[in-house]
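Welcome! Please take a look at the structure shown here before reading on.

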Amino acid sequence: MASATSILLNDGNTIPAIGFGVFMVPNDGSTYAAVTEALRAGYRHIDTAAAYFNEEEVGRAVKDSGIPREEIFVTSKLWLQDHGLEAARKGIDASLEKLGLDYIDLYLIHQPYGDVPGAWRAMEEARTAGKLKSLGVSNMTPNIWKSFVPQFDTVPAVNQVEFNPFFQQRELRELLAKDKVVLEAWFPLGHGNAQLLKNPLITALAEKYHKNAGQIVLRFEVQEGVVILPKSTNPSRIASNLDIFNFELTAGEMEQLRGLDTGRGTHNPETPGMAEMLLANYKVHD
């Protein structure tokens, strides 16, 4: 039985199990073209952020697709500059305006530093007002989660973090499972990590199932109940990343793939000075 193409969130909303990510896709027409291609290929979940600087092109592609708005799940994220109650209210409205949408399906706190509780309150208000449907966080390690989430009135529906077979976030997933919080994976293909895509187990499974290595990795993640956000601007790759619902890895193969976990990723949100570095390098407004 193939995995579900959508997952029920702890707030009663559903999220497509695979989304199209636009991190580092420029806002020079490239994002518009890539999102248009993704929607044409069958994606119904687009993941952007204020700090990706391409919300406008995402919104335009969604509008121009001709697909009914309620059939497309759009995620955006609040940037660090807009943490705190008042600033977050403005940040939410700025995202809605840039996207040209009446509501955002999922809105995340992009980086877990500063006045996160204030930002969360603004997000809860916006949800009550119908501007946001589901709320979540991103880049929260178990320690960061335990420091902030007890201060929230409601539990996040999602935590979007780095995840792939080499970094399977076991401790975090155990913590999130208690509140039925869904883990979303950024860099689900290890950012094109050759070691991952050429791993002998993965290449052997690709041969067995007549799939490419990336499809095996993405299939593993979906079967683990993780929402995946592969990114590509190549039309054939955009289509192939979506073509993972017509086969299923066996329990034994899943166990073997779990054995690839190194417990280490490329990004540690607890690195001292991380907030300052991010603020200095990404400014979403003057």
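## About the model

This is a predicted model, in which local features need pLDDT of at least 70, side-chain atom pairs count only at pLDDT 80 or more, and totals for chains, interfaces and linings use all residues. Residues are numbered from 1 along each chain as its sequence is written, and side-chain values use heavy atoms, leaving out hydrogens and water.

Helices (H or I, at least four residues) and strands (E, at least two) are DSSP runs, numbered from the N terminus. Buried means under 20% relative accessible area, exposed over 50%, and partly exposed in between (1.4 Å probe, protein chains only).

## Helix H11

Helix H11 spans residues 251–258, and its buried residues are Glu253, Met254 and Leu257. They sit on the same side of H11 because they cover an arc of only 100° around the axis; the arc is that of the directions from the helix axis to the C-beta atoms. Helix H8 (200–209) and helix H9 (213–223) are among what covers these buried residues of H11.

## Helix H12

In helix H12, residues 274–281, you will find Met274, Ala275 and Leu278 buried. Their arc around the axis is only 100°, which puts them on the same side of H12. Exposed Glu276 and Ala280 lie on the face of H12 turned away from its buried side.

## Two loop residues with positive phi

Most residues other than glycine have a negative phi. Phe53, although not a glycine, has a positive phi of about 60°. Phe53 belongs to the loop between strand E4 (45–47) and helix H2 (55–64), and is partly exposed, with a relative accessible area of 38%.

Phe187 also has a positive phi, near 55°. The loop between strand E9 (182–186) and helix H7 (194–197) holds Phe187.

Technical notes
Contact = heavy atoms within 4.5 Å.
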